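Here is a short briefing on one model. Read it beside the sequence and the coordinates.

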Number of protein chains: 4
Amino acid sequence: MCRWLAYIGSPIFLDEIIFEPENSLINQSRRATYSSVTTNGDGFGVGWYGTRDMPGVYHEVMPAWNDKNLRNLAHQLASGLFLAHVRASTGTDTSRTNCHPFRHDKWLFMHNGVIGGYAVIRRDLERMIPDDIYANRLGTTDSEVFFQLLFSEGVVEDPIGAYSRTVGKVLQVMRAWDITEPFRMTSLLTDGKRVYALRYSTDQEPPSLFWQPQAERLLIVSEPLDSDISHWQAVPAQHVLVTERHADTVVLPFQAAA
Amino acid sequence: MCRWLAYIGSPIFLDEIIFEPENSLINQSRRATYSSVTTNGDGFGVGWYGTRDMPGVYHEVMPAWNDKNLRNLAHQLASGLFLAHVRASTGTDTSRTNCHPFRHDKWLFMHNGVIGGYAVIRRDLERMIPDDIYANRLGTTDSEVFFQLLFSEGVVEDPIGAYSRTVGKVLQVMRAWDITEPFRMTSLLTDGKRVYALRYSTDQEPPSLFWQPQAERLLIVSEPLDSDISHWQAVPAQHVLVTERHADTVVLPFQAAA
Amino acid sequence: MCRWLAYIGSPIFLDEIIFEPENSLINQSRRATYSSVTTNGDGFGVGWYGTRDMPGVYHEVMPAWNDKNLRNLAHQLASGLFLAHVRASTGTDTSRTNCHPFRHDKWLFMHNGVIGGYAVIRRDLERMIPDDIYANRLGTTDSEVFFQLLFSEGVVEDPIGAYSRTVGKVLQVMRAWDITEPFRMTSLLTDGKRVYALRYSTDQEPPSLFWQPQAERLLIVSEPLDSDISHWQAVPAQHVLVTERHADTVVLPFQAAA
Amino acid sequence: MCRWLAYIGSPIFLDEIIFEPENSLINQSRRATYSSVTTNGDGFGVGWYGTRDMPGVYHEVMPAWNDKNLRNLAHQLASGLFLAHVRASTGTDTSRTNCHPFRHDKWLFMHNGVIGGYAVIRRDLERMIPDDIYANRLGTTDSEVFFQLLFSEGVVEDPIGAYSRTVGKVLQVMRAWDITEPFRMTSLLTDGKRVYALRYSTDQEPPSLFWQPQAERLLIVSEPLDSDISHWQAVPAQHVLVTERHADTVVLPFQAAA
């Protein structure tokens, strides 16, 4: 289990969101409160959209609380759409290539959760990735596989449909191998304009997911950044939050494709 | 605050002590129980005596639970006297040079605790280190300063006396600067034969220190490696445990030199 | 292109071979002389057989010349069969999981060279790896793929035959994709007793490979460890050197399976 | 010996200068041509002035050519005044705290060269650093000592005078210890507006230093970034180049204070 956040709004410096809140992601990396795993020290990453065609990414294997570069970068970088993720490995290696967010073209993706039985079905999942996408597979995580599979399901044209079909395909493979462990996911996908945050699980224990709309900005988080819970809304299980810069946010029911 | 252990006995593979116990040091690096700081993820180190003149040391900035090299090395290395330390920084950088145990000639030293007001008195403490010892100062911690000061107080000939005089000198500098924060220390010093483990503090809250004598071996630890507390004896505050390979262990009262 | 060495003989400390020679592997990591690529600074690794069932491995992403842990370990560790490898990436990431030697059960493998067109044919090569072996694939290199393929070709029972069939299969895939770049390899494979060092290429430029038999020991190296070339014998292209602890060394012609 | 560059002009993305030129700093990190040390793989750093009060810094121990984060950051970050440095250690550790540029308040400093006999006179040099500045000493290099000494000599009010007095003081200490090795330095100091690049040595072999003025920008480099040498002007030995954003550049004779 990991912890993550996303910010959408007028450009601000990253440290205002990543470092300064009472229950900041950096504090969560040491001691998360909405998670059975309290330490998220198995690497971290940041992704942000600036003025370039491609978003920037920064990955590091040290715990987020220990990396002075992160503190310096988050103090200098400003962005109107950025993501941050602290990792607690569910079995795969701690390496930069296994750190979120993952990037493909303009797309960023980050994930908290686990695909049940991944060690067993990894190979079947990888087989479904198109050749040209697979060429960019750098790590070994289930999260990266899921991200790459989205592209085989037409994520560029139809993100929610691709989400639905990809979850459906994963479930198919899990069934084929008689996996009884759950598939749990809170993930966030964006192309720099549209943002899709999914909360889903096959059991009754989906990872937590909250959001906080304000006048000119939106926060989407694994757990509230402060203790005033009343300011945060939970995304219900089997729902996807959809938003776009300068547009309304909706929370829609989500169903895996059959 | 950090966590550490030392093993003295017939040679065994390091992983038997570092990885295998119920409350192993690796588990303590994620979640220590006898400490206000639960995560000890700011680097770690191992020191061991083998067949060479000098002991070996291995330092790494990643959390101990994440380093596959440590797991491999601890599985291969056997030693009759070894130390391991997981670090929770009290302010100084996470770098290999700040990781314990520190080495000078045949001597190893590791420490849990803090010299109150260190940021203020660092310089005065460093001034007292002899030139030839100071040339080996590689990091910035209070622990390394203390270790180096021991050599200016004759640790080679009189380890307990040197301990006493060094603590006394640190207290002098603290007084000169009107430091009111406590000086707390559980530290272990060895030349490969004799072992000195000190529990000391200027307030009523010395860090914990335990030991477990068995037929052919001795363990000295920050906290018990298993839940059966009855097998472990606490070293009282202001005491120093002294032992030698193949010799008796004694726990002596300790007093800082005036 | 990388540089590597292997030692077989009576147990000695690793630094005697890795650090001390005039043209040591550490010096080669900064400035190799028998290679178009002079700097081998993209990570390194050591593998050694001790008293445990499994060999030890140590991998690090820093250049070998910069890692104090390597210097310390090589000074402490003694072994009668060990391997060391400094890496110059041919395209894949610098990560610990891409560092040689690779390990599977008792087997170690290290490689210098490149499979032509690997970025194109990676996937087809990976498809031929058996499921249970593939589950241990941690990195993304061609070297690791080749090592894993050896196990699908019966390396345990027939190492040279497996070498031959695996090279043959790689060539098949290269032909199927019309790859015109060469396949070049000097690799070393061992189970802790038998050692197989292959020099092979599809063009006229196989990487260099030398060996030096002495009274009680054998060195196999990418390039001589000293300037007295007369002490070193070149393994001819398309040949495999075979040796066993306490047994004779032979150099046999090698042919890829059709 | 190290390699470095500085850019002053209208804001551009860092990769345009750091990565794209024919003889870019990244290429120099693998193979420098104006230096006896060809590999500069002992860590690197970048410093840049943005919209914040303090400049940003990024330090990493891996070779610059290997760090994907650097490539990503340099592609995203734009600045009108930035520095980059690839390190070849002259003896001190490879750690982030020993990487240039060093920062103090608004000031950045980077250095190529060596203070002769540093291991011997380190302590006397450190003694001259004011307490409040010394509290920020994080590493062990001669470069950081020199930077900190500048503040004891009034660098804020009189940078060239401080440079002159600091060099003078270093020479005094060297004389006091009968150091016969040379003091060689090409260093760059800036507060975000004014820039001072010094080329100095006590022997006839000062490290190289070049600059290239263009319409709206200025480059100051250890060695030319392309093979068209005619576009680059050498700063003579014992001279300091002084410039300011949107102002003329002058190259002045430099003399160490007596």
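**D:Arg184 and its surroundings**

In this predicted model, the side chains of D:Arg184 and D:Asp203 make a polar contact at 2.6 Å. A polar contact is a pair of N or O atoms within 3.5 Å; within protein, one must be able to donate a hydrogen and the other to accept it, and residues adjacent in sequence count only if both atoms are side-chain atoms. Local features need pLDDT of at least 70 and side-chain atom pairs count only at pLDDT 80 or more, while totals for chains, interfaces and linings use all residues. Side-chain values use heavy atoms, without hydrogens and water; residues are numbered from 1 along each chain as its sequence is written, and chains are lettered from A and ligands numbered from 1 in the order in which they are written.

- The D:Arg184 side chain also reaches the backbone oxygen of D:Glu205, at 3.3 Å.
- D:Arg184 sits in strand E7 (residues 183-190) of chain D. Helices (H or I, at least four residues) and strands (E, at least two) are DSSP runs, numbered from the N terminus.
- D:Arg184 is buried, with a relative accessible area of 17%. Buried means under 20% relative accessible area, exposed over 50%, and partly exposed in between (1.4 Å probe, protein chains only).
- Beyond its neighbours within four places in sequence, D:Arg184 has contacts that include D:Met1, D:His111, D:Tyr200 and D:Pro207. Contact means heavy atoms within 4.5 Å.
- D:Pro21 is 163 residues from D:Arg184 in sequence and 27 Å away in space, C-alpha to C-alpha.

**An exposed loop residue**

- D:Thr51 lies in the loop between strand E2 (44-48) and strand E3 (56-60) of chain D.
- D:Thr51 counts as exposed because its relative accessibility is 70%.
- From D:Thr51 to D:Pro101 is 50 residues in sequence and 19 Å in space, C-alpha to C-alpha.

**Helix H6 of chain C**

- Ten of the eleven residues of helix H6 (residues 142-152) of chain C are buried. Among them are C:Val145, C:Phe146, C:Phe147 and C:Leu149.
- The buried residues of H6(C) pack against several elements of chain C, including strand E6 (107-115), helix H4 (118-127) and helix H7 (159-176).
- Just after H6(C), C:Gly154 has a positive phi of about 80°.

**Chain D against chain B**

- Chain D is laid on chain B by a turn of 180° and a shift of 0.0 Å along the axis, with an RMSD of 0.0 Å. The two copies are thus related as by a two-fold rotation axis. Superposition is by least squares on the C-alpha atoms of residues with pLDDT of at least 70 in both.
- The copies meet through the same surface, because 100% of the interface residues of chain D are also interface residues in chain B.
- Chain D and chain B bury about 1,300 Å² between them, and carbon and sulfur atoms give 38% of this area. Buried area is the accessible area (1.4 Å probe) that two parts lose on being put together, summed over both.
- D:Arg122, D:Arg123 and D:Tyr134 supply 45% of the area that chain D buries against chain B, more than any other three residues.
- Two salt bridges cross this interface. In one of them, B:Asp131 pairs with D:Arg123, with the closest N and O atoms 3.0 Å apart. A salt bridge is a side-chain nitrogen of Lys or Arg within 4 Å of a carboxyl oxygen of Asp or Glu.
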